[in-house]
Amino acid sequence: MSTSRSTEAEGAAHSADGTDEESESFTGQGLPRVEDHRILTGEAEYIHDITPENCLHMALVRSMHAHAEITDIDTSEAEAHPDCELVLTAEDVKADYNPMPTGITEVHTDEGTGTITEWSLADDRARFVGEPVVAVVASNRYAAEDVADLVNVTYESLDPVTDGMTAREDETIVHDSAGTNIVDSEHLTFGDVDEAFADADQVVEGEYFWGRISGVPLETAGVVAQYDADTDSFDIDCNIQLHTLVDDTIYDTLGYDPDDVRVSVPPDVGGSYGTKIAIHRYCCLAAMASQKLDRPVKFEEDRIENLQGGDMHCSERNYKMRLAVDDDGTMRGLDVWFVDDFGAYPRYPVNQVLKPLSVVTNSYDLQNVSYEYELALTNKTSQTAYRGFGVDPHIYALEMVVDKAARELDIDPTEFRRRNLIDESDMPYTLATNNIYDSGNYAATLDRIEEIIEDERDGGYLDPEIVEEKRAEGKYRGVQPSVIIEPGVSGSDWTDRQRSDRDALADRDREDVTELPEHLRARVESDGTVTAFLATDSSGQGHQTLVSQLLADELSLLPSDIEVDYLNSADAPTEYGSAASRMAVMLSGATVGVADELKASVESTAAAHWGVDSEDVVYREGHVERIETGEWLSLGDISAIESERDGSPTQVSYDYEHPATAFEEFDDAFVEKLPVYPTAAFGANAPIVEVDINTGEVDILVFHTVRDCGTMLNPMIVEGQAHGGIAQGIGAALMEEFGYDEDGQPQAITLFDYLLPSIKNIPHIEMEHTETPSPFTVTGAKGVGEGGMIDAPASIATSINAALDPLDVDEPADRIPVSPAHLRKRLRTLEE
């Protein structure tokens, strides 16, 4: 349950003809999502619903060992099974196909250059529990599982390395060919860090840990691959995320050109938020099997496979933070050092160790920054992207050390934050790392959250009498507001920094920067309706609703006159896609642009039909009018004219360029391949927590939040995104963790062990909105897809510290998740 309040945006709504007007528009209204009807009525088709005629099914034999040599694979019994159609091993894969692309292939050490190679099936050595070793194909999934059980794999167990800090010692190396477990590292400095720390009155230090979590989608990974021998090409239906960006992980592995591997994603995908970016292994294996058998092959990941070895865990980091401060509460410098335990292979999202640079100092005016990371390999499931893409652990660690500094300075932590906030007059604000915050009044947001807390002290959850009564029961209440920045609309050029010659970046100039635009197509149908075609896939964010609202306004139609469909990877150009809080901005910009193209096209057709100049006609209210005579043609009429003349209806496309490319202020970040995120949604959180010191359990009584994502294109979608993000953040903060024992065995391979938040754990959410439009985007919107997950864990952790402050426990929430066992361990030190 939640309530919300919104402060009206400045300025008038964007109208259909680009002028400001007071008339009502669909954009900015909380229209119900068009996707929801088919989902709620059971009409939505997911990848698991797709089973072509004559389809076979694949199952995988997975390693039971975290680290082991594969000394023998005996497939004779499996192949003798009457339902067995095919058995694939790494030997078969290596004979006909290529290794899978990885985020890092070359590792540079003092001894020379090492390499990392990953095949679709484990080759010679298994490097994590759940790694696929053999693929089998049978008439149905049940039979395939039976066949898989008949494969006999002989292992010679090796000592695993299961901790990122231990991995740094290189006593056990995950990839001998790499020569080290630290496959990437970098130390970046901005401003005069040494001087800032030398001159500061105090230096505050803190160490923090962020545990492995994930999105755990309702729908696990799935693929249906069909090879066409006549055209020597593949059609692959799957639920991979970013199918036009990461399809190279499929066609490169298969050894085919992009046009010969058509990857399609259904309109409805049962969750992802990054966790399905790395399912290319399944796509490749199913495609290989289909090619060898000349029949469709389907694979559906089960829940244990997903949790154990589904390549979908997120960051696991050990932080050492230092904050240089003066006695008056001025922040002088920030020093960030962390190790990221990336698991067995450095996959695509290795650049998530860099994304925090886009918000490196959160909402604080601080220009002297040292940022150093080490990317460590261990014998665990590989990391992939997850909502927040590495920003969430950074914000957690930063807010923790900010709290610690305030207490050591004996300054109220909220006042300490206020003294260091970026001022509204400094907007747009350039960070030390050269990213730019677009707009915002951070102080006003913090003031508002403080007002809300004060209200809670008068008869609410924080009423002093109630707080004292609860403490007598062993239940300690508290809250500590924290501030929020959500970076939005990632650029693409910076994302290959770790695969670039970093020493050569100084020689780059602005012309060397290449960004991916957002592609959108629109076609006028014979009945006058319009079909738009997205080049990006969705993970449930409501893209079809957004485009139908915006396009309806731009064309003066009804949203019901707009259909929205999707392009496959061969038909669509390569683009970044649905990630990094991009789509509200990129899709709205593309929609405005494609509407302008469509209006120009139908005006041209009408002018030619009437034999007049284009200046003599105008598009208005859903039709083209001849200005002199008042004659008009509907969109249906235009489509018929086009079809008769050219054999096809009116169709246009538009590529919306990344908004930062239009502003030279971003040039330094572009050239240096530093993260570029031109929108900064902002706000403040104040979750009121109650900690039972006898059990260590934490109850969130209410979650107060004030948020600003610029112009809200659809407030209902914004609310849904924020609520979902906060729910995921609560799970991360208190419940979820993929733990491993010292032998590398995963401790959470069922939903009995991996604890997800439910309606029992999600508190009442009191949400307010302000709207501060971005000066960098067409509609004033900012990215909103990763908020909540980015900021809720930090807010909960600081509030737990505040609740237990009377007990004089030093930073009890120094690890995520803050489990009851961890809190009891910290509290027992007091009892002893």
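Guide: Helices (H or I, at least four residues) and strands (E, at least two) are DSSP runs, numbered from the N terminus. This is a predicted model, where local features need pLDDT of at least 70, side-chain atom pairs count only at pLDDT 80 or more, and totals for chains, interfaces and linings use all residues. Residues are numbered from 1 along each chain as its sequence is written, and side-chain values use heavy atoms, with hydrogens and water left out.

Visitor: OK, how many bridges join β28 to β29?

Guide: Four, and β28 and strand β29 (residues 623-626) run antiparallel. Opposite V617 you'll find R626 in β29.

Visitor: And what order do the strands of that sheet come in?

Guide: It's an open sheet of three strands, β28-β29-β30, with antiparallel pairing. β28 (617-620) and β30 (632-634) each have a single partner strand and stand at the edges, so one side of each is left without a neighbour in the sheet. On average, neighbouring strands here are turned by 25 degrees against each other, direction ignored. Axes are lines fitted to C-alpha atoms, for helices over the stretch in contact, and angles run from 0 to 180 degrees between N-to-C directions.

Visitor: Which helix lies across those strands?

Guide: Helix α16 (residues 635-646) lies across β28, β29 and β30, and runs at about 80 degrees to β30. Contact means heavy atoms within 4.5 Å.

Visitor: Switching topic: how many aromatic pairs are there?

Guide: The structure holds 15. Rings of Phe, Tyr and Trp (its six-membered ring) pair if their centres lie within 6.5 Å; planes under 30 degrees apart count as stacked, over 60 as edge-to-face and the rest as tilted. Take Y282 and F299: their ring centres are 4.7 Å apart and the planes sit at 45 degrees, so that pair is tilted. Y282 is in helix α8 (residues 280-293) and F299 in strand β17 (residues 297-300), so the pair ties together parts 17 residues apart in sequence.

Visitor: Is Y282 buried or exposed?

Guide: Buried, at 4% relative accessibility, and F299 counts as buried too, at 0%. The cut-offs: buried means under 20% relative accessible area, exposed over 50%, partly exposed in between (1.4 Å probe, protein chains only).

Visitor: What about Y319 and F338?

Guide: With centres 5.0 Å apart and planes at 35 degrees, that pair is tilted. Y319 sits in strand β18 (residues 317-325) and F338 in strand β19 (residues 331-341), so the pair ties together parts 19 residues apart in sequence. Both residues are buried, and ring pairs link Y319, F338, Y371 and Y373 into a cluster.

Visitor: Which ring does K320 lie over?

Guide: The face of W337, at 5.3 Å from the ring centre. R322 lies over the face of F197, at 4.3 Å from the ring centre. A charge sits over a ring if NZ of Lys or CZ of Arg is within 6 Å of the ring centre and within 35 degrees of the ring normal.

Visitor: Last one: where is S795?

Guide: In helix α19 (residues 792-803), and S795 counts as buried at 0% relative accessibility. Its side chain makes a polar contact of 2.6 Å with that of S482 and another of 3.1 Å with that of N685. A polar contact is a pair of N or O atoms within 3.5 Å; within protein, one must be able to donate a hydrogen and the other to accept it, and residues adjacent in sequence count only if both atoms are side-chain atoms.

Notes:
Two strands pair if DSSP finds at least two bridges between them.
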